[in-house]
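The following note sets out numbered remarks on the model shown below.

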Amino acid sequence: MLSVLCAHPDIASGGILLLAPTGKARVRMEQSTKSLQLTGYTIAQFLSPDRYDGATGRYRLSAKPADVGARTVIVDEASMLTEEMLAALLQALKGVHRLILIGDPRQLPPIGAGRPFVDVINRLAPDGLTEMFPRIAAGYAELTIRRRQAGEDREDLQLAEWFSGAPIAPGEDDVFDKVVHKGQSKHVRFVQWDSADELRSRLMNILVDELKLSGPDDIVGFDATLGGDPWNELRFFNPQGNGKPGAAQTAEGWQILSPVRSAAHGVGDLNRFIHKRFRQHMIDASQKERNRKYPKPMGAEQIVYGDKVINLINTDPSSRRYRHRRVYPEKDNPYIANGEIGMAVGYFWKSADKKNGRDFRWKLEVEFSSQPGYKYDFTTRDFGEEGSPVLELAYALTVHKSQGSEFGTVILVLPNPCRLLSRELLYTALTRQKERVIILHQGDRSELRKFSSDNRSETARRLTNLFIAPSPIEIDGRFFEEYLIHRTSRGEMVRSKSEVIIADHLANSGLEYSYERELTLDGVTRYPDFTIEDAESGEIFYWEHCGMLHVPSYKQRWEEKLAWYKTHNILPYEDGGGSKGTLIITRDESNGSIDSAHIKQIIAEVLDAHPNG
């Protein structure tokens, strides 16, 4: 789609600027427009040095006038933009006819102030969006097919959708029975742990199973998952060349994610655990005093040849500070963005070089997956005691660091309790995989469902807004942005405006109801939108409000749920109800609105005749 857009004569003739917060997203944009030979830049790279300070990592405004540039500016992964980044970017642009922001507003809000992309989306999105197809309006367009999973209708994506903050179609609760209750499906697997020792044991078992290792001591097999080519007793980790992918690209086949950096379930301890189990032989070989073939371990984490690493600082090798960051082969405008993932492909020093060649064991060479075929030099000065290191081990990453990246298989570690766990974090983590996600959860996995509510939204708790003054509401001691939540008159969080209207009409009629109460029949569990129980007669009403049935997969799953109700003798009220309950079904109008008068009429005709106590 991006390629088609950029190829349009009216757009191409005025020049196009491709920007992204991360190096990975920048490269992805370049690949999408490869036939047009466009060059992408990270936002930090584009704004340096006047509006981005590489030493502090801060974005800022500048008195320097902006130069007239491309008429079309496209920014990918826009959900990662802070207010400072967006302000500095807008100030740096001049003569722009089209500013196109691309991103997923349901992901984690940016690390920094505000949530500008969410504010822009809410400003431009038309009313009744969920019932529209295609989802387009003035200045707004929404893709409804997930590119990362090639548009497949999969249970891992169905699970992720529960944490998107969007209204949920009526049949989508079957994912909890198919996946969460059973614990495993083709694309999702749940594994429980309770203690730190149990976490490490279960993680090792998962690595053996998912990476197809022969056992926990299969170092050769582990190295192969990172692109290591075996030769006698050694493994070579090579950059891309001779038509073969490099180790950095192969290493994206799997990734461990965690919400936090510290504790036994944090990325620090997880990386140390993996490193000690599978890379200790290389650490030992790199510390030999005689006949050492590799660079010495670097930094507190002892990074060695063949390690998976992440770059932590936006780096311009042309600057004086990073002049030692040489790249081979030479390339125009070399740059490494914060968050780029790579492999230490290093340099092999052979005994023959003592006489005929140079000794390069003083440096570590890293190929980044976003720049295949290029090796950047890292030295001991990058791991000095003063300041933070520029590289870290990356077998495990925080979910925040994984934004903008995709991996074949994701192993997600979820501690309980976890202060940082939010609806957006779960949604982001559950959409990183291309093939499969394994969820290593502490405690009962059914507790995950509570994070699908608005009251677990980190985005809604940010009291900022680009267009109007924030309107905070206090709920259970926490403040939320009124415009980003759906709250009933009873104070509970629901998923849509339509559900608010139904709930308020029920409350105004004096009817007691439960929202999304669990209903288990013959071992199958579903979650009706509303359950109304007549305390005197024992009669139960289940209310399902349907939306998005224009989507074939949603319609199919709703029809399956309706058949499930009927099988268990829960019948629509139009048919007189059933012996196990009466089903009330309402639908959004074609424009996405709800007929409030019709809701009141149903309550009067069906429920008021059965007052509950």
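Which polar contact joins the side chains of T431 and R432? The first point takes this up, after a word on conventions. This is a predicted model, in which local features need pLDDT of at least 70 and side-chain atom pairs count only at pLDDT 80 or more, while totals for chains, interfaces and linings use all residues. Residues are numbered from 1 along each chain as its sequence is written, and side-chain values use heavy atoms, with hydrogens and water left out.

1. The side chains of T431 and R432 are joined by a polar contact of 3.2 Å. A polar contact is a pair of N or O atoms within 3.5 Å; within protein, one must be able to donate a hydrogen and the other to accept it, and residues adjacent in sequence count only if both atoms are side-chain atoms. The side chain of T431 also reaches the backbone oxygen of T428, at 3.1 Å. T431 is placed in the loop between helix 15 (423-429) and strand 21; helices (H or I, at least four residues) and strands (E, at least two) are DSSP runs, numbered from the N terminus. With 5% relative accessibility, T431 counts as buried, where buried means under 20% relative accessible area, exposed over 50%, and partly exposed in between (1.4 Å probe, protein chains only).

2. An open sheet of five strands shows parallel pairing in the order 9-21-20-12-19; two strands pair if DSSP finds at least two bridges between them. Strand 9 (188-193) and strand 19 (396-398) each have a single partner strand and stand at the edges, so one side of each is left without a neighbour in the sheet. From one strand to the next, the twist averages 25 degrees. Within this sheet, strand 20 (residues 407-414) and strand 21 (residues 433-442) pair in the parallel sense over seven bridges, and F407 has Q433 in strand 21 as its bridge partner.

3. Helix 9 (residues 196-210) lies across strand 9, strand 12 (254-258), strand 20 and strand 21. The helix runs at about 155 degrees to strand 9; axes are lines fitted to C-alpha atoms, for helices over the stretch in contact (heavy atoms within 4.5 Å), and angles run from 0 to 180 degrees between N-to-C directions.

4. The structure holds 15 aromatic pairs. Rings of Phe, Tyr and Trp (its six-membered ring) pair if their centres lie within 6.5 Å; planes under 30 degrees apart count as stacked, over 60 as edge-to-face and the rest as tilted. F222 and F278 form a stacked pair, at 4.1 Å centre to centre and 5 degrees between the planes. F222 lies in helix 10 (residues 219-225) and F278 in helix 12 (residues 267-286), so this pair ties together parts that are 56 residues apart in sequence. Both F222 and F278 are buried. Ring pairs also link F222, W254, F278 and Y395 into a cluster.

5. Two charged side chains lie over ring faces: K331 over Y374, at 4.6 Å from the ring centre, and R449 over Y527, at 3.8 Å from the ring centre. The criterion is NZ of Lys or CZ of Arg within 6 Å of the ring centre and within 35 degrees of the ring normal.

6. Strand 17 (residues 375-378) is covered on both faces, with K375 and D377 buried on one side and Y376 and F378 buried on the other. Strand 14 (residues 327-328) pairs with strand 17 in the antiparallel sense over two bridges, and V327 stands opposite Y376. Strand 16 (residues 364-368) pairs with strand 17, also antiparallel, over three bridges, with E365 opposite D377. Strands 16 and 17 form a hairpin with six residues between them, and G373 in the turn has a positive phi of about 95 degrees.

7. One joins F133 and P134, with omega about -5 degrees; P134 is in the loop between helix 6 (116-124) and strand 7 (135-137). Another runs from N416 to P417, with omega near 5 degrees, and P417 is found in the loop between strand 20 and helix 15.

8. Positive phi values also occur outside glycine. D476, with phi near 50 degrees, is found in the loop between strand 22 (472-475) and strand 23 (478-481) and counts as exposed at 73% relative accessibility. N569 has a positive phi of about 60 degrees and is partly exposed, with a relative accessible area of 32%.
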